[in-house]
Structures are given as structure tokens and as C-alpha cells.
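Here are my notes on the model, for you to read with the structure open.

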Protein chains: 2
Amino acid sequence: MEVIVAQPLLKANEELARQNRNLLNRRGITTVNLISAPGAGKTTLLENTIGALKNMFSIGVVEGDIYTTFDSERLAGQGVAVVQINTYGGCHLDAQMVAQALERLPLDKLKLLFIENVGNLVCPAEFDLGENYKVAILSVSEGSDKPKKYPLVFQESEAVVLNKIDLLPYTDFDLAAAKEQLKEIKNNLVMFPLSAKTGEGMEAWVEWLKDKVSQTEKLSVTG
Amino acid sequence: MEVIVAQPLLKANEELARQNRNLLNRRGITTVNLISAPGAGKTTLLENTIGALKNMFSIGVVEGDIYTTFDSERLAGQGVAVVQINTYGGCHLDAQMVAQALERLPLDKLKLLFIENVGNLVCPAEFDLGENYKVAILSVSEGSDKPKKYPLVFQESEAVVLNKIDLLPYTDFDLAAAKEQLKEIKNNLVMFPLSAKTGEGMEAWVEWLKDKVSQTEKLSVTG
């Protein structure tokens with residue numbers, strides 16, 4: 001049943017994602033799609049990442065939630081352009097929703113765009129939104145067996161943030177085992193163990209993002 | 001798009017769920033569908049709940065995972081009947097999967113059946129499996145804003161387990177605020193703050209389950 005239903009939806013999504021990607025690439029915007037389970041700390045990560053980068057270049061956020069505007073309210077205080085999408089029950093963002101959000105963002109000014117997906121480690125991994133990079137966030141309180149149980153999101157991702165390392169002493173999370181599992185799933189996965197709350201380990205993640213933005217800039221110049 | 005697609009699937013599921021429920025009710029089995037985000041602690045909760053109840057009556061488990069048999073292996077050590085369902089990418093269990101699992105369980109012996117759903121706080125809430133009760137598990141490391149962000153699963157549930165209270169001192173989780181949010185969503189929701197890891201607070205949850213099993217037994221006698 002599921003395959004018959006999902007194919008035309010995914011095909012239509014692919015075409016819209018391609019259009020989003022063309023639009024964003026033409027503008028020289030680096031786009032990062034953040035995916036995680038509920039409560040892994042996407043919004044706290046965004047708050048602190050934006051804090052570290054917003055004086056360097058202009059940042060936008062597409063904020064996806066089923067209901068509520070809690071997260072976009074938190075980010076609005078950061079002085080960046082934020083558009084909230086509410087899916088009203090929908091378990092993931094799709095390329096059409098993102099296309100509508102892009103119309104409301106000052107694309108001529110932005111260098112970096114974050115898309116915070118709906119909190120769900122399963123469905124968002126199947127939907128291309130037109131981003132350059134998917135980044136999975138896994139918090140250590142979720143347990144180190146999660147990569148093998150939810151492999152698609154990690155296969156699709158360019159990098160993984162291992163968040164809430166401040167909780168490591170109080171959980172059974174095995175950081176080495178999780179890294180091993182992630183390597184088995186995707187050999188060249190970049191990993192950032194950090195605590196968005198305390199700031200520990202944030203530098204490497206912020207440097208990676210700066211590097212991705214300058215790569216896009218070089219492409220725009222030569223392209 | 002989503003509405004057009006979802007209706008026939010949900011209708012077919014409803015009929016199969018009704019058949020499962022009839023079968024389970026005829027056998028006098030109390031069935032509990034456990035739903036949570038990945039890593040909220042469903043399997044640890046099950047391990048310790050089964051440990052507390054298995055000498056009183058016979059327990060079965062339908063274990064749902066996208067991939068891997070990690071969880072059913074953990075539970076097999078408990079000496080209860082376990083059937084693993086792998087959805088191979090599917091984001092929730094449906095009534096048809098559960099019907100197939102029921103064929104492999106010793107239903108004439110069971111008094112209590114747990115269904116551990118796929119780790120996902122969104123999609124499983126939409127699918128009736130034929131259970132008597134849905135129970136949502138929310139771990140304190142996920143943050144106290146989750147009830148309002150993911151209301152459906154809590155509306156559909158009879159009870160909520162607030163797990164990992166051993167982590168309360170190390171998180172920003174506001175237990176009183178979360179309880180308030182949950183009451184607003186559903187006034188008569190039963191809540192069990194506990195730590196499946198340390199055992200703190202487990203008694204009230206175990207008593208609630210024993211009570212539900214004896215209610216089913218009374219219904220069987222009078223029915």
C-alpha cells in the first residue's frame with residue numbers, strides 16, 4: 001500500500017526540490033536542512049549557531065513545526081529572518097512548503113539558510129527540500145543504538161551533530177560505539193560531538209558551516 | 001495531497017484494527033500501544049515493567065522497529081513471548097502488521113500484550129492498531145514544550161509516562177509546566193513521572209497496568 005501511494009508524491013516533490021535548489025544556488029545561498037527526533041536540541045543548536053555567525057553574514061531560517069510558533073519566537077530574538085511553517089499534523093516538511101517560505105525571505109541578502117524540519121527521525125529523511133546539505137542531530141540521551149535503528153537519515157546526511165554531550169556522565173550513551181555505527185552506515189560522515197547548551201564543541205561545527213558558505217561563494221564566482 | 005492519499009489507507013486500517021480488537025477482547029487480553037520519540041526509553045520501560053509483572057500473569061510483546069532486532073533481543077531475555085515487526089522504512093505500525101504478529105503469539109495464554117511502536121511521536125498516533133490503550137512516553141531530556149508541539153499523541157493516549165526523571169537535575173525540563181500543558185490537551189490524562197532506569201516511580205505505573213488487566217477480566221466474566 002505504502003509504495004503505491006508514496007511514489008507520485010515523492011516524484012512531485014523531487015521536481016519542486018530541484019526548483020528550490022536552482023533558485024537558492026543562483027542566489028549563492030548555502031542551505032542546511034536540520035533533521036532530528038523531537039527534543040534533540042535543533043532550536044538550541046540554531047540559537048547558538050546563529051549567535052556565532054550572524055555578524056559574519058546574513059542568515060535566514062525556515063522553521064517547521066506541526067503546531068505552535070514557539071521555535072520561531074525563540075529565533076526571532078536573534079535578529080535573523082525567520083519564516084514559520086505549520087504542517088497541522090504533517091510529519092515532515094516538503095519542497096512545496098519550503099518554496100512558499102522562500103517567497104517570504106529576503107533571498108537577495110542571505111548567505112546561509114537553515115531549514116529546521118519537523119521533529120521526526122524517520123519521514124523528513126525521505127523528502128528533498130532543495131537543500132545543499134542535510135544534517136542529522138542525535139542527542140546522547142537518545143541512546144547509542146539509534147544510527148542502526150534509523151539509518152536513512154544518517155545515510156542522507158553530510159554531517160551529524162551529537163548533541164547534549166553535557167549529559168554524557170548521566171546516561172549509558174557510548175560515544176565511541178555511536179561513532180562506529182555511524183561510520184558503518186556512511187564512511188565519510190563528519191561528526192560534531194557538542195553541547196549546544198554549554199557551548200562545548202561548537203567551534204568545529206561553526207567552522208564547518210563557514211567553510212561550506214565560502215565553498216558556495218567560490219562556486220558563484222567561477223560559475 | 002496528503003488528505004486525498006491518507007483517507008483510504010486510514011479507512012482500511014480502521015477495519016483491520018476493529019478485527020484485531022475483537023480478537024483480543026474475545027481472548028480477554030489487555031493491549032497497550034506504547035508510542036514515543038526515538039530514545040524516550042520504551043524498551044527499558046518494557047524490560048522493567050515485564051520484570052515486575054511476569055510472575056503475576058502471562059505477557060506478550062509485539063516489537064516494532066524500522067530495522068534491527070535489538071529491542072526484541074533485549075526482551076527475549078525476560079522469558080516472554082516476543083514477535084518482531086520490521087517496517088523497512090515505514091514510520092509507524094499499522095493494524096495489518098499487528099494482525100500478522102498476533103497469529104504468531106500464544107493468545108490463549110496471554111493476559112497483557114504490549115505493542116512497542118516505531119520511535120516516532122507523530123505518525124503512530126494516527127493509526128489504531130486494535131489496542132485498548134495508547135500510552136505516550138515523554139522523556140524529560142526532550143523538553144517540556146513537547147505536548148503542545150505534538151498534541152495528537154497525547155490526545156489519543158490514556159496515560160503518559162514522563163520518563164528519565166533521574167535526569168531532571170541536569171536538564172531545563174519543567175515538570176509542573178509539562179503537566180499543565182498535558183492537562184490542557186486532555187484533562188483526564190493519567191501521568192506517571194518515573195525513571196525506568198533507576199526504578200523510581202515505577203510502582204504507580206505497574207499498579208495502573210494491573211488495574212487495567214483486572215478490569216478486562218471482570219468484563220470477560222460479565223460479558
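**Notes on the predicted model**

1. Start with helix H2 of chain B. Its buried residues are B:Lys42, B:Thr43, B:Leu45, B:Leu46, B:Asn48 and B:Thr49. Please keep in mind that this is a predicted model.

2. H2 of chain B covers residues 42-53, which is 12 residues. From first C-alpha to last, H2(B) reaches 16 Å, close to the 16 Å expected at 1.5 Å a residue.

3. Now the sheet of chain A. Seven strands make an open sheet, in the order S3-S2-S4-S1-S5-S6-S7, with parallel pairing. Strand S3 (81-86) and strand S7 (190-193) of chain A stand at the edges. Each has a single partner strand, so one side of each is left without a neighbour in the sheet. From one strand to the next, the twist averages 20°.

4. In chain A, strand S5 (residues 133-139) and strand S6 (residues 159-163) pair in the parallel sense over five bridges. Find A:Leu138: the residue opposite is A:Leu162 in S6(A).

5. What does helix H2 of chain A lie across? Helix H2 (residues 42-53) of chain A lies across strand S1 (30-36), strand S2 (59-65), strand S4 (112-116), S5 and S6 of chain A. H2(A) runs at about 170° to S4(A).

6. Turn to the sheet of chain B. Here too, seven strands form an open sheet with parallel pairing, ordered S3-S2-S4-S1-S5-S6-S7. Strand S3 (81-86) and strand S7 (190-193) of chain B are the edge strands, and each pairs on one side only. Direction ignored, neighbouring strands of this sheet are turned by 20° against each other on average.

7. Inside the chain B sheet, strand S1 (residues 30-36) and strand S5 (residues 133-139) pair in the parallel sense over five bridges. B:Ile35 stands opposite B:Ala136 in S5(B). Helix H4 (residues 95-102) of chain B packs on the sheet and touches strand S2 (59-65), S3 and strand S4 (112-116) of chain B. The direction of H4(B) makes about 145° with that of S3(B).

8. Next, the contact between the chains. Chain A gives 33 residues and chain B gives 33 residues. On the side of chain A that touches chain B, helix H1 (2-26), helix H5 (146-149) and helix H6 (151-156) of chain A each give two or more residues. The residues of that side divide into 17 nonpolar, nine polar and seven charged.

Definitions and conventions. Residues are numbered from 1 along each chain as its sequence is written. Chains are lettered from A and ligands numbered from 1 in the order in which they are written. This is a predicted model: local features need pLDDT of at least 70, side-chain atom pairs count only at pLDDT 80 or more; totals for chains, interfaces and linings use all residues. Helices (H or I, at least four residues) and strands (E, at least two) are DSSP runs, numbered from the N terminus. The expected span of a helix is 1.5 Å times one less than its number of residues. A residue is buried if 20 or more other C-beta atoms lie within 10 Å of its own, exposed if 12 or fewer, and partly exposed in between; C-beta atoms are placed from the backbone. Two residues are in contact if their C-beta atoms, placed from the backbone, lie within 7 Å. Ala, Val, Leu, Ile, Met, Phe, Trp, Tyr, Cys and Pro count as nonpolar, Asp, Glu, Lys and Arg as charged, and the others, Gly among them, as polar. Two strands pair if DSSP finds at least two bridges between them. Axes are lines fitted to C-alpha atoms, for helices over the stretch in contact, and angles run from 0 to 180 degrees between N-to-C directions.
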